Amino acid sequence: MKAFANAYSRFAARLSLLCLVAAGSGLVLMTSIVAWTVFGRYVLNATPTWGEPASLFLMLWFILLGGAVGVRELDHMGFDVLLFHAQGKWRAALVVVNEILVAIFGGAMVLYGSQLAAKVWSDRLPMIGISKGWDYVPIIAGGALILLFSLEKLLLQASGERLQPMPLVSGRHGSEV
C-alpha cells in the first residue's frame, strides 16, 4: 500500500503542477484579453464584445484550478485551531475527518456542477457563442481535482507516508528548492 500511495502522490504532485501552470497561463491570458478590451474601447473606439465573457470564463478556470492546488498543497483556508492543539490519535482522526469532508465537498462540486451544466447545455452564451454549460465545467474539474487530492491525503494518512511536494524543478521534488 505504501508503494501505491507514493506513486499516487507523485502523480498528484505532477497533476498539481500542471494545474498551477494552467491557472497561471489563464491569468496571463485573461489579463491580455482585458487589456485588449480596454484598448479597443478607449483607443480604437470599437469594443471587442467577446472580451468580458471570455475573461470571466478564464477566471472561473484559474480560480478553481488554483483552489484545487491550494487544497493539495495544504495552502488553502481551513480551520486548523483544533488540529494545532490536538496530539497523537486525536490529531490523526481530525486530519481524516477534515479530508473526508473536503472529499465530500469536491464530490458535491462534481455532482451538482454536472447537473447544472446538463440543464443549461442547450443555451448559448450570447457574446462568445459557446454553450452556457461550459460555465460549469470548471466547477466539475475543480471538484474532481479536490476529490483526487483529498483521496491522496487520505491514502497517505492510512499508509503512514508523507505528502510528495510539487516538483518545481525538472527532475527534482519541490523540497529541494
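**View 1. Lysine 153 in the predicted model.** Lysine 153 has a relative accessibility of 12% and therefore counts as buried, where buried means under 20% relative accessible area, exposed over 50% and partly exposed in between, with a 1.4 Å probe and protein chains only. Lysine 153 is found in helix 5, helices being DSSP runs of H or I with at least four residues, numbered from the N terminus. Leaving aside residues up to four places away in sequence, lysine 153 touches Val71, Arg72, Leu74, Glu99 and Leu163, a contact being heavy atoms within 4.5 Å. This is a predicted model, in which local features need pLDDT of at least 70 and side-chain atom pairs count only at pLDDT 80 or more, whereas totals for chains, interfaces and linings use all residues. Residues are numbered from 1 along each chain as its sequence is written, and side-chain values use heavy atoms, with hydrogens and water left out.

View 2. The largest pocket holds about 1,100 Å³ of space; on a 1 Å grid over the protein atoms alone, a pocket is an open set of points where a 1.4 Å probe fits, with protein on both sides within 12 Å along at least five of seven lines, and lining residues have an atom within 4 Å of a point. The volume is the space filled by probe spheres set on the points, which are joined across faces, edges and corners. Among the 32 lining residues, Leu74, Asp80, Asn98, Glu99 and Lys153 are the closest to the centre of the largest pocket. Helix 2 (51-72), helix 3 (81-85), helix 4 (88-120) and helix 5 (137-159) each supply at least two residues of this lining, and helix 4 gives the largest share, with 10 residues. By class, the lining comprises 19 nonpolar, seven polar and six charged residues, where Ala, Val, Leu, Ile, Met, Phe, Trp, Tyr, Cys and Pro count as nonpolar, Asp, Glu, Lys and Arg as charged, and the others, Gly among them, as polar.

**View 3. Helix 2 and the backbone at leucine 74.** Helix 2 has 22 residues and reaches 32 Å from its first C-alpha to its last, close to the 32 Å expected at 1.5 Å a residue, the expected span being 1.5 Å times one less than the number of residues. Just after helix 2, leucine 74 takes a positive phi of about 60 degrees. Most residues other than glycine have a negative phi.

**View 4. Aromatic pairs.** The structure holds four aromatic pairs, in which rings of Phe, Tyr and Trp (its six-membered ring) have centres within 6.5 Å, with planes under 30 degrees apart counted as stacked, over 60 as edge-to-face and the rest as tilted. The rings of tryptophan 36 and phenylalanine 39 form a tilted pair, because their centres are 5.6 Å apart and their planes lie at 35 degrees. Both residues belong to helix 1 (residues 2-42), three residues apart, about one turn of the helix. The rings of tryptophan 121 and tryptophan 134 are also tilted, with centres 5.4 Å apart and planes at 50 degrees. Both tryptophan 121 and tryptophan 134 lie in the loop between helix 4 and helix 5, so the pair ties together parts that are 13 residues apart in sequence.

**View 5. Asparagine 45 in a loop.** Asparagine 45 is found in the loop between helix 1 and helix 2 and is exposed, with a relative accessible area of 68%. Its phi is near 55 degrees, a positive value in a residue other than glycine.
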